[in-house]
Amino acid sequence: MDTAYLILALLVLLLLVDAWAINSVLRSDSSASRKLGWSLLILLLPVLGLIIWAIAGPRGDVRI
């Protein structure tokens with residue numbers, strides 16, 4: 001398998017996970033400024049921001 005395709009697949013996967021995380025942040029009950037801060041962190045530092053959000057970030061509205 002060509003490594004370029006593997007890297008592309010990993011980048012697409014990272015983009016999808018980041019989009020999911022940002023959606024979760026925007027659905028949370030946090031203030032608008034906190035939502036903006038978390039969204040910018042995830043956008044500007046995709047891998048590190050995602051890890052930090054997973055540990056300490058707000059969670060979206062969970063409906064069962």
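User: Where is the place of alanine 19?

Analyst: Alanine 19 sits in helix α1. Please bear in mind throughout that this is a predicted model.

User: How many residues apart in sequence are alanine 19 and serine 30, and what is their distance in space?

Analyst: Alanine 19 and serine 30 are eleven residues apart in sequence, and their C-alpha atoms are 18 Å apart in space.

User: And where does serine 30 lie?

Analyst: Serine 30 belongs to the loop between α1, which covers 3-27, and α2.

User: Why does serine 30 count as buried?

Analyst: Serine 30 has a relative accessibility of 18%, and the cut-off for buried is under 20%, so serine 30 counts as buried. Once residues up to four places away in sequence are set aside, serine 30 touches Lys35 and Pro58.

User: Let us step back. How many helices and strands does the protein have?

Analyst: The protein has three helices and zero strands. Read from the N terminus, the order of elements is α-α-α.

User: What does the C-alpha trace span along its principal axes?

Analyst: The C-alpha trace spans about 45 × 30 × 15 Å along those axes. The radius of gyration of the protein is 13 Å, whereas a compact globule of 64 residues would have one near 11 Å.

User: What share of the residues is buried?

Analyst: Buried residues account for 27% of the 64 residues. As for the surface, the protein exposes about 4900 Å², and carbon and sulfur atoms supply 74% of that area.

User: Which residues make up the largest nonpolar core?

Analyst: That core has seven residues: Ala21, Ile22, Val25, Trp38, Ile42, Leu50 and Trp53. Each of α1, α2 and α3 supplies at least two residues of this core, and the largest share, three residues, comes from α1.

User: Take isoleucine 42, then. What does isoleucine 42 touch?

Analyst: Not counting residues up to four places away in sequence, isoleucine 42 touches Asp18, Ala21, Ile22, Val25, Gly49 and Trp53.

User: Aspartate 18 is on that list. Is aspartate 18 buried or exposed?

Analyst: Aspartate 18, which lies in helix α1, is buried, because its relative accessible area is 8% and the limit for buried is under 20%. Leaving aside neighbours within four places in sequence, the contacts of aspartate 18 are Ile42, Pro46 and Leu50.

User: What about contacts over the whole protein: what share joins residues 24 or more positions apart?

Analyst: Among contacts with a separation of 6 or more, residues 24 or more positions apart account for 51%.

User: Turning to charge, how many positive and negative side chains are there?

Analyst: There are 5 positive and 4 negative side chains, and the centres of the two sets lie 11 Å apart.

User: How far is leucine 45 from aspartate 29?

Analyst: The two are 16 residues apart in sequence, and 23 Å separates them in space, C-alpha to C-alpha.

Technical notes:
Residues are numbered from 1 along each chain as its sequence is written. This is a predicted model: local features need pLDDT of at least 70, side-chain atom pairs count only at pLDDT 80 or more; totals for chains, interfaces and linings use all residues. Side-chain values use heavy atoms; hydrogens and water are left out. Helices (H or I, at least four residues) and strands (E, at least two) are DSSP runs, numbered from the N terminus. The radius of gyration is taken over C-alpha atoms; the globule rule is 2.2 Å times the number of residues to the power 0.38. Buried means under 20% relative accessible area, exposed over 50%, partly exposed in between (1.4 Å probe, protein chains only). Contact means heavy atoms within 4.5 Å. Accessible areas come from the Shrake-Rupley method with a 1.4 Å probe; for residues, only the protein chains shown count as cover. Lys and Arg count as positive and Asp and Glu as negative; His and the chain ends are not counted. The place of a charge is taken as NZ of Lys, CZ of Arg, CG of Asp or CD of Glu. A nonpolar core is a set of buried Ala, Val, Leu, Ile, Met, Phe, Trp, Tyr and Cys residues joined through side-chain atoms within 4.5 Å.
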